[in-house]
Amino acid sequence: AAAFPADGRAVVTAGDDERLRLWHARDGRQLWISERLGNPLLGLDVDPGGERVACSLVGGRVRVHRLKDGRPLFDLDGHDGDVPVVRFYADGARLLSAGAERAGRASNGAPPAASPTGRVVAWNTIDQSQVLRLDRPRAIVAADVTADGAMLATVEQDERVVRRWSRADDAAGYQPRGELAAHERAITAVRFAPDGASLLTA
């Protein structure tokens, strides 16, 4: 995974070597490298203010580091399966994570699942609390949120549709707002345009 800070002067990378790295975007110099984080990295995003970088690991942990030097700031524990998506909201005060929950784990008193289920969590990055949670019957493989957090798009494993969700307030959470079905094979990526008016799928 790779992500640019808003100023475009550097690029952060993450991968199977279990490390984060910050590079100078123009001359390719490595500016810092993190310690090994314990598992391969999947998702990556930089906050709009260019101060923090969030990454997600195989196994469910989400970590937030300081961008300028890679110093760990805090961990977020809300998943126990792979989390391919981490995304900061525009104000940087919230972070979205989305992925899978292990097969066999019961949720809300339901019988244990036979295959991985999915979960989307919105976090408060100031006090590290969960603000919203959306549980799904299948693993989430792609997701994105508009800058203001009002709209959410999710894709579940092996599916050819994008589900749209909207949020009026935190108490109500994300409510379904229809599906987009135009692909002939499974969708693996989804991103909102900066203004939230359009959605790119692949």
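My entries follow, in the order I looked things up.

**Ground rules.** I'm working on a predicted model, in which local features need pLDDT of at least 70 and side-chain atom pairs count only at pLDDT 80 or more, while totals for chains, interfaces and linings use all residues. Residues are numbered from 1 along each chain as its sequence is written, and side-chain values use heavy atoms, with hydrogens and water left out.

**Entry 1: strand β6.** I began with β6, residues 52-57. Strands here are DSSP runs of E with at least two residues, numbered from the N terminus. Is β6 buried or exposed? I found 6 of its 6 residues buried, so β6 is largely enclosed by the rest of the structure. Buried means under 20% relative accessible area, exposed means over 50%, and partly exposed lies in between (1.4 Å probe, protein chains only). I checked both faces too: Arg52, Ala54 and Ser56 are buried on one side, and Val53, Cys55 and Leu57 are buried on the other.

**Entry 2: partners of β6.** Next I looked at pairing, which needs at least two DSSP bridges between two strands. Strand β5 (residues 41-46) pairs with β6 in the antiparallel sense over 4 bridges. I noted valine 46 as the bridge partner of valine 53, and aspartate 45 stands opposite alanine 54. β5 and β6 make a hairpin with 5 residues between them, and glycine 50 in that turn has a positive phi of about 70 degrees.

On to β7 (residues 62-66), which pairs with β6 in the antiparallel sense over 5 bridges. Here valine 53 stands opposite histidine 65. This hairpin has 4 residues between the strands, and glycine 59 takes a positive phi near 105 degrees.

**Entry 3: the sheet around β6.** In what order do the 4 strands of this open sheet come? I read β5-β6-β7-β8, with antiparallel pairing. β5 and β8 are the edges with a single partner strand each, so one side of each has no neighbour in the sheet. The twist averages 20 degrees from one strand to the next, using axes that are lines fitted to C-alpha atoms, with angles from 0 to 180 degrees between N-to-C directions.

**Entry 4: proline 72.** I found proline 72 in β8 (residues 72-76). At 36% relative accessibility, proline 72 counts as partly exposed. Leaving aside neighbours within four places in sequence, proline 72 is in contact (heavy atoms within 4.5 Å) with Arg63, Val64 and His65.

**Entry 5: another sheet.** I also looked up an open, antiparallel sheet of 4 strands, ordered β9-β10-β11-β12. β9 (85-88) and β12 (130-136) are at its edges, each with a single partner strand, so one side of each lacks a neighbour in the sheet. β11 (residues 117-124) pairs with β12 in the antiparallel sense over 6 bridges, and alanine 122 stands opposite leucine 132.

**Entry 6: cores.** A nonpolar core is a set of buried Ala, Val, Leu, Ile, Met, Phe, Trp, Tyr and Cys residues joined through side-chain atoms within 4.5 Å. The largest one has 15 residues, and those with the most contacts inside it include Val12, Leu41 and Val53. The elements giving it two or more residues are β2 (10-14), β3 (20-24), β5 and β6. Apart from it lies another core of 14 residues, among them Val120, Val145, Trp165 and Tyr174.
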